[in-house]
Amino acid sequence: MLPLAPPAPTAFRQWPNVLEVSAATVNGRTMPIRKPVLDPPFHIVRASHVELNVRDLERSRAFYVDCLGLLVSDEAPDALYLRGVEERNHHSIVLRRSREADACALGFKLASEDDLDRAASWFARRNLPTAFPDIPYQGRTLRTADIFGMPLDLYVQMDQRDSMLQNYAEYRGARIQRIDHLNCFTPDVQASYDFYSEIGFRLTEYSETDGEDPQLWAVWLHRKGNVHDLAFTNGLGPRLHHVGLWTPGVLDIIHICDVMATSGYLANMERGPGRHGISNAFFLYLRDPDGHRIELFTSDYLTVDTDLEPIRWSLTDPQRQTLWGQPAPASWFEQGSGFSGVVQRQPALTAQPIVAR
Ligand SMILES: [Fe+2]
């Protein structure tokens, strides 16, 4: 087992090319929404995995494996490698024992080794990190970061395990099938949206302020053809807001509510269950024993059409967060997981979402 060092701290850099690549600069003013880049410099397939530092690995195993039902692909004295019942990739969540409960890196699968080389060149041209550390159970992996220092692991090949999709006797807890998306706080939603748009992430839905000069509050961006692989919300960042895990259906989420409420995990249920206005997905937000946020998520929609128009939501629309109208708690807007060694910045935008009292 090769030790996995945390990503090197990355100083904040202002991305120099925002205006150069903006396809939506009108009369000298940068418009919030741009045309999608359909032929990106390299091809990202999907959000693939996340590495989380946890303080007590056995306590985390009880939560993720015994309660939520994730499968253990491998374990080491200081790490657990987990996957959902559908997944052939070796891991979609890596839990690593640490003194600090923060996030290490966000993993994205690329289409080919040539794409990985093109990605390394692209990040190098922008003076962003381009290390290739040895990562257990993964092929060649580019460890880089975005303009705010958010650590990204880009790779093509991962060790494979048997899919348990039709081994129904293996279904436990929330019967989680696969990872779906990663949601992060950013201090500048427009800058993050511009950056990830250039490398091919396509906008499906967004929230913005009202008025003559609307400001982006949140964006949902996809590569794989549903509502998102990666989302950004305005806030102290970069931080990981949550990891979205797909369940087969709504009743799997209802079932885990009953299980958690009667097995000592009532306080870990932060928000929901409910149906989002944005994405139409049914959801439940959980906090793991270290406070990392997990979303159980199902039933959003197809987004592969290249002429798909993004859906706009006003920040003040009460059905934006939850179609049934319930606002999210303050903790949902304020709390998240920092990235190891990465400096966080306050957001410039101070607009106020609807918060439960
Ligand atoms: Fe989510």
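**View 1. Charged side chains across the predicted model of the protein chain.** In this predicted model, the protein chain carries 35 positive and 45 negative side chains, and the centres of these two sets are separated by 1 Å. The chain exposes about 14600 Å², of which carbon and sulfur atoms supply 50%, while 59% of its 357 residues count as buried.

**View 2. The overall fold of the protein chain, with its helices and strands.** Six helices and 19 strands make up the secondary structure elements of the protein chain. Its radius of gyration is 19 Å, close to the 21 Å that the globule rule gives for 357 residues, so the chain is as compact as a globular protein of that length. Taken along the principal axes, the box filled by the C-alpha atoms is roughly 60 × 45 × 40 Å. When contacts between residues at least 6 apart in sequence are considered, 70% of them join residues at least 24 apart.

View 3. Strand S8, which spans residues 141-145, is mostly covered, with five of its five residues buried. In a regular strand the side chains alternate between the two faces of the sheet. In S8, Thr141, Arg143 and Ala145 point one way, whereas Leu142 and Thr144 point the other way, and all are buried. Five bridges join S8 to strand S9 (residues 151-155) in an antiparallel arrangement, and within this pairing threonine 141 stands opposite tyrosine 155 of S9.

**View 4. The antiparallel pairing of strands S15 and S16.** Four bridges pair the two strands in the antiparallel sense, with glycine 274 standing opposite phenylalanine 283 in S16. S15 is mostly covered, since five of its seven residues are buried.

**View 5. Serine 279 in the hairpin of S15 and S16.** The hairpin has six residues between its strands, and serine 279 takes a positive phi near 80 degrees there. The relative accessibility of serine 279 is 2%, and this residue therefore counts as buried, the cut-off being under 20% relative accessible area. Apart from its neighbours within four places in sequence, serine 279 is in contact with Glu205, Val227, Phe297, Ser299, Asp300 and Tyr301.

Key. Residues numbered from 1 in each chain as written. Heavy atoms only, no water. Rg over C-alpha atoms; globule rule 2.2 N^0.38 Å. Buried < 20%, exposed > 50% of the residue type's maximum accessible area, 1.4 Å probe, protein only. Contact = heavy atoms within 4.5 Å. Areas by Shrake-Rupley, 256 points an atom, 1.4 Å probe, with all protein chains shown as cover. Lys, Arg positive; Asp, Glu negative; His and termini not counted. Charge placed at Lys NZ, Arg CZ, Asp CG, Glu CD. Pairing = 2+ DSSP bridges.
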